[in-house]
Amino acid sequence: MRRAAVLVTAVLTLSAGASTVDAHSLHTAQSVESSINSMRAQHGCGPLRFHLGLSLSAGKQARLLLADGELNHDAGSPMPERLHRAAPSASLLGEDLAWGTGSAALPDSIVRSWMNSPSHRRIMLDCRFSQLGVGIAAGQFGDNTERTTVYAADFAA
């Protein structure tokens, strides 16, 4: 069985839809949040708090990326606009994206992959961030024949 994980990251500093979620996706998102907060604690950062607007935005983005078959921060609308709509009072926004298959799609594997990527790690361990929303989508992704899970983690401060 082929295992894959692909990562994309972005961060933005600013100057100035509800969707249904199944129980498995909710549990998976909570596992990602817990793993990120564990890593942050090990590096002296406070925990990220759940943010409904970011979670809804991340979920929509993950579903869009799954349908498009590629990771793109600006799919649908530019990432700065999308995240600012989700967290309008935020002055710092960031996003990590990933997809994986098999064991590489498990929450701990995704967070470990982000930790092994300097740009993703920088966002996850930026102690200025205080809020998080995680979106999950699973199914056919691009030309990949294996069931794929797409992750979007949106950060705000």
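At 14% relative accessibility, T149 counts as buried, where buried means under 20% relative accessible area, exposed means over 50%, and partly exposed is whatever falls in between (1.4 Å probe, protein chains only). T149 sits in strand 5. Leaving aside neighbours within four places in sequence, T149 is in contact with A98, W99, G100, A105, I136, A137 and A138; contact here means heavy atoms within 4.5 Å. The C-alpha atoms of T149 and G102 are separated by 8.9 Å, and the two residues are 47 residues apart along the chain.

A quick word on what you're looking at. This is a predicted model, where local features need pLDDT of at least 70 and side-chain atom pairs count only at pLDDT 80 or more, while totals for chains, interfaces and linings use all residues. Residues are numbered from 1 along each chain as its sequence is written, and side-chain values use heavy atoms, with hydrogens and water left out.

## The overall layout

The protein has five helices and five strands. Both kinds of element are DSSP runs numbered from the N terminus: helices are H or I with at least four residues, strands are E with at least two. Starting at the N terminus, the order goes β-α-β-α-α-β-α-α-β-β. Of the 157 residues, 50% count as buried.

## Helix 3 and its neighbour

Let's zoom in on helix 3. Which of its residues are buried? They are M79, R82, L83 and A86. Looking down the axis of helix 3, these buried residues fall within an arc of 90 degrees, so they line one face of the helix. The arc is taken from the directions that run from the helix axis to the C-beta atoms.

Helix 2 (residues 52-68) packs with helix 3 at an angle of about 140 degrees, their axes 8 Å apart. Axes are lines fitted to C-alpha atoms, for helices over the stretch in contact, and angles run from 0 to 180 degrees between N-to-C directions. On the helix 2 side, G53, L54, S57 and Q61 take part, and they meet R82, L83 and A86 of helix 3. Sorted by class, this contact has three nonpolar, three polar and one charged residues. For that sorting, Ala, Val, Leu, Ile, Met, Phe, Trp, Tyr, Cys and Pro count as nonpolar, Asp, Glu, Lys and Arg as charged, and the others, Gly among them, as polar.

## Salt bridges

R82 turns up again here. A salt bridge is a side-chain nitrogen of Lys or Arg within 4 Å of a carboxyl oxygen of Asp or Glu, and by this rule the count comes to three.

| Salt bridge | N to O distance |
|---|---|
| E95 and R82 | 2.9 Å |
| D154 and R82 | 3.7 Å |
| D126 and R128 | 2.7 Å |

Salt bridges that share partners join R82, E95 and D154 into one network. How does the chain come together there? The salt bridge of E95 and R82 links distant parts of the chain, with E95 in strand 3 (residues 92-101) and R82 in helix 3 (residues 79-86), 13 residues apart. The salt bridge of D154 and R82 also links distant parts, with D154 in strand 5 (residues 144-156) and R82 in helix 3, 72 residues apart.

D154 and R82 are both buried. In the pair of D126 and R128, D126 is buried at 14%, whereas R128 is exposed at 57%.

## Aromatic pairs

A pair of aromatic rings is described by the distance of the centres and the angle of the planes. Rings of Phe, Tyr and Trp (its six-membered ring) pair if their centres lie within 6.5 Å; planes under 30 degrees apart count as stacked, over 60 as edge-to-face and the rest as tilted. How many aromatic pairs does the structure hold? There are two.

The rings of W99 and F141 have centres 5.1 Å apart and planes at 45 degrees, so this pair is tilted. W99 lies in strand 3 and F141 in strand 4 (residues 131-141), so the pair ties together parts that are 42 residues apart in sequence. W99 is buried at 12% relative accessible area, and F141 is buried at 4%.

F129 and F155 form a tilted pair too, at 5.5 Å centre to centre with 50 degrees between the planes. F129 is in the loop between helix 5 (118-124) and strand 4, F155 is in strand 5, and they are 26 residues apart. F129 is buried at 1% relative accessibility, and F155 is buried at 0%.
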